[in-house]
Amino acid sequence: IQVLPMLVSYVGRRSIGRNLAAKNNREDFVFFTDVDHVFQEDVFEQIPIRFAEHLEASMIYPKQIMIHKTHAIGDEYIARAESQDLPTIDPNDFEPKNYNRAIGGVQIVRGDFARKYGYLDGDPKWQQPTDKPFSDFRDDIAYRKFCEQHGPIVGVDLPRIFRLRHSKTSY
């Protein structure tokens, strides 16, 4: 796992940070995700297997994740995370959430694809910094459409991904 610190104005338009991460990765696969996702370690071991099952795919995404049953439970997890590195996951606090498309927090591409194309690399609309953190997520849609031009986007089984539902801003 590679952490890439950056300016708030780059994080505010997440396609900028994702582009930097995409172009500078050395990994076999890049999982574009959000700060409110927690992964069990074996999730990452499954990604090459899922791509091998879908050789033509430009992108894969989990068809289902687990999400907190309530915002209050998520807020409790965030409070606990302030005093420890990662919150301990209790699966009983979560319920299934299905995805019918690759939203921004669950987009996975091959590393060579990411290095070659970046994340909307060179697109002036999506590479312009903003002082309004996370004010617009349409870059996720633009990237998904870009990837569709290079192959299908496939939903896969990728269990043990947890999303913290919360009412507090986590960034």
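Let's start with the overall build: the protein chain has six helices and eight strands. Keep in mind as you look around that this is a predicted model. Along the principal axes, its C-alpha atoms fill a box of roughly 40 × 40 × 25 Å.

How much of the protein chain is buried? Of its 171 residues, 42% count as buried. The protein chain exposes about 9600 Å², and carbon and sulfur atoms supply 51% of that area. Among contacts with a separation of 6 or more, 82% are between residues 24 or more positions apart. As for charge, there are 23 positive and 25 negative side chains, and the centres of the two sets lie 6 Å apart.

Now find helix 2, residues 14–23. Seven of its ten residues are buried, so this helix is largely enclosed by the rest of the structure. The buried residues include Arg 14, Ile 16 and Ala 22. Which elements do the buried residues of helix 2 pack against? They pack against helix 1 (8–12), strand 1 (29–32), strand 6 (107–110), helix 5 (111–117) and helix 6 (138–148).

Next, look at the aromatic rings. The count comes to twelve aromatic pairs. Two of them are set out here:

| Pair | Type | Centre to centre | Angle between planes |
|---|---|---|---|
| Phe 113 and Phe 146 | tilted | 6.3 Å | 50 degrees |
| Tyr 117 and Phe 146 | edge-to-face | 5.4 Å | 70 degrees |

Tyr 117 lies in helix 5 and Phe 146 in helix 6, so their pair ties together parts that are 29 residues apart in sequence. Phe 113 is also in helix 5, and 33 residues separate Phe 113 from Phe 146. Phe 113 is buried, with a relative accessible area of 12%, while Phe 146 counts as partly exposed at 22%. Tyr 117 is partly exposed too, at 25%. Ring pairs link Phe 32, Phe 113, Tyr 117, Tyr 119, Tyr 143 and Phe 146 into a cluster.

Finally, visit Pro 96, which sits in strand 5 (residues 94–98). Is Pro 96 buried or exposed? Its relative accessible area is 52%, and over 50% counts as exposed, so Pro 96 is exposed. Leaving aside neighbours within four places in sequence, Pro 96 is in contact with Gln 64, Ile 65 and Met 66. Pro 96 and Phe 162 are 66 residues apart in sequence, yet 9.2 Å apart in space, C-alpha to C-alpha.

Definitions and conventions: Residues numbered from 1 in each chain as written. Predicted model: local features only at pLDDT ≥ 70, side-chain atom pairs only at ≥ 80, totals over all residues. Heavy atoms only, no water. Helix = DSSP H or I, 4+ residues; strand = E, 2+ residues; numbered from the N terminus. Buried < 20%, exposed > 50% of the residue type's maximum accessible area, 1.4 Å probe, protein only. Contact = heavy atoms within 4.5 Å. Areas by Shrake-Rupley, 256 points an atom, 1.4 Å probe, with all protein chains shown as cover. Lys, Arg positive; Asp, Glu negative; His and termini not counted. Charge placed at Lys NZ, Arg CZ, Asp CG, Glu CD. Phe/Tyr/Trp six-rings, centres within 6.5 Å; stacked < 30°, edge-to-face > 60°.
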